Every structure is written in C-alpha cells, then in structure tokens.
Amino acid sequence: MTKEPNLKEIERRAYMAYHQDGLLDIFAGLFISGWGLGMLMDILWEFNFGAIMPAILIATVLPIWIAAKRRITMPRIGYVNFGTRGSNKIFALFLGLMVAGLGVFFAFTFATYQGGSRQWLDLIVQNGMLIVGFGSLSVCILFGYSMGLKRLYAYGLLAAIALVFGHFMGIFFAYILMVLGITVMVAGFALLIGFVRKYPLKGDKTIAE
Amino acid sequence: MAQLYVVQSADFLFLQNQTQMTPGNLSAHLSKLEDAGYVEVTKEFIERKPHTALALTKKGRAAFKEYRKKVKQFVEKLPE
C-alpha cells in the first residue's frame, strides 16, 4: 500500500545509527570518572586538579573520540553529513542552558546584594550533590529527548539516585562521580561490542565506491 | 530518496545500511536517480581513501516534496 514516508522516523533512525556505537558513552564516562579522579588527586597532592581536569579531559578526549568515530563507526555504517539542522538544535539547547544558568546566577547575586546575605551560597555548597543530581537528570532528559537517545534518561536517573543517596549517606562527591563514570563507560563498551558484532568490517569496499 | 532527503549527504554504505538493500539493487536505484538529475554524486578522498558522497539535488528535493504532497492528497481522499 502506498503511504506517506515518515521523514521524522527516517531521520531519527539515521541519527540513532550514528550514536549506537557506544563511543559517546565511553568518552562521557571517561570524562566523568576523570573529573572524579581529579577531585581525589586534590586531596592527595593538594593541587587544584579538580578544576583543571575537565579542561585537560576535553582537550584529550575530544580528538580521540573524533578519531575513534572515523576508525570504528564510519568504516562500518558509512559516512553521513546531517547538515546544520541537527547541530543547530543541540547548539540552541546548549545556549538555552547557559542563558538559564547565567540568569539563575545573576538572580542570586542580585538577591545577595539586595539583602547583603550570602546564605544562598552556603545553601548551594551544602546541597551541592542534590543540585548536581537533579541538574544532571534535567540535562540528560533534555539531551535524551532532543537527540532521540533514550538511554540518556537512564543515565540521568542513575546520576540523580546516586547523588541523592550520596548526599544523605555523606559519601564523597568524587567517589560517586567515579562510580557513575565507570558505569556509563561499561554501558558504552557493551554497546560498542554489540555494534562491532552487528556491523562487521567488509574490507576496503566499505568506504563506498 | 527519503533517506537522502533527511540528511545533507551520505555515502553508499550508509544508505545500504539504512535501506537494507543489496549493493546491486541500491546501485541501480541511484543510477536511475542520477540520470534523472535527482541525485548528485561527489567523489572525494577521505584519509587518502576514495569516498563517494551522494546528495539530493535541488531538482531532487523539489520532486520528492511534490511526491509527498501527492501521496498525502491521495491518502486524504481515501474513504475511512
């Protein structure tokens, strides 16, 4: 029977095919656990590793991720250029989050100047894990929805549960970050193994000719 | 054509994976679309390997839009 092609579904499938390799999870996990490790190193060597670690990780992990995409994903499922539409959506989301974050920051700063109190800052520090936990859940839901990656919901939920649990049990933030990062990395490796099995290399002909 | 409509460009392997067509079948489809001026084939080198990128032309996009419109009209006219 003739039916109208479901373009949204086709677009979603094309996008999903590109992110089912688990590389995003492996490198996100590496980033999270590396951040946690940086915080632990702060205590051991009394140097501010926790603050510089994210920058070091981005500078090292991002080029490896791009190279891994070229070496593992592209020879198996081919090359696709999604154009600017998809990236515009993600960029708008990033921008929205940044504006919202700045708005909250300025609102708090303004309230501090008005009232002359820094109570809100103490409140944030005291409840940091809860804020990061629910913040992670919101960010994961937003990105999971916009990228069509449902597993991000699970990661968000896992982060929220672990951080709320850590807050009430008094577990050090760095340990929770490391456990979360390793969990996401293991999930990524499981996805990568499944991906490599599903799309085996077919020799040089895989680079379309 | 629907696969190429939702992206800017893609290579043969990607289209084959997405459509689940055999290489011969897909190649025949693409040749016909290229002859009709609907698909543009660009040959380039990525990391010193030959790479063929396929994209819909303006004519191809317009033709696909028209096709969608016609199918939609046809489906709407069908009785419940």
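Modeller: Helix 4 of chain B covers residues 58–77, and its 20 residues reach 29 Å from the first C-alpha to the last. This is close to the 28 Å expected at 1.5 Å a residue, the expected span being 1.5 Å times one less than the number of residues. Helices (H or I, at least four residues) and strands (E, at least two) are DSSP runs numbered from the N terminus. The model is predicted: local features need pLDDT of at least 70 and side-chain atom pairs pLDDT 80 or more, whereas totals for chains, interfaces and linings use all residues. Residues are numbered from 1 along each chain as its sequence is written, while chains are lettered from A and ligands numbered from 1 in the order in which they are written.

Of the 20 residues of helix 4 of chain B, one is buried, so the helix lies largely in the open. Buried here means that 20 or more other C-beta atoms, placed from the backbone, lie within 10 Å of the residue's own.

Consider next the side of chain B that touches chain A. There, 23 residues of chain B are in contact with 21 residues of chain A, contact meaning C-beta atoms, placed from the backbone, within 7 Å. Helix 4 supplies at least two residues of this side, as do helix 1 (2–5), strand 1, helix 2 and strand 3 of chain B.

The two chains also share an open sheet of four strands, in the order 1(A)-1(B)-3(B)-2(B), with antiparallel pairing. Strand 1 (80–81) of chain A and strand 2 (39–46) of chain B stand at the edges with a single partner strand each, so one side of each is left without a neighbour in the sheet. Strand 1 of chain A pairs with strand 1 (residues 9–11) of chain B over two bridges; strands pair if DSSP finds at least two bridges between them.

Chain A itself has eight helices and one strand, in the sequence pattern α-α-α-β-α-α-α-α-α. Of its 209 residues, 23% count as buried.

Conventions. A residue is buried if 20 or more other C-beta atoms lie within 10 Å of its own, exposed if 12 or fewer, and partly exposed in between; C-beta atoms are placed from the backbone. Two residues are in contact if their C-beta atoms, placed from the backbone, lie within 7 Å.
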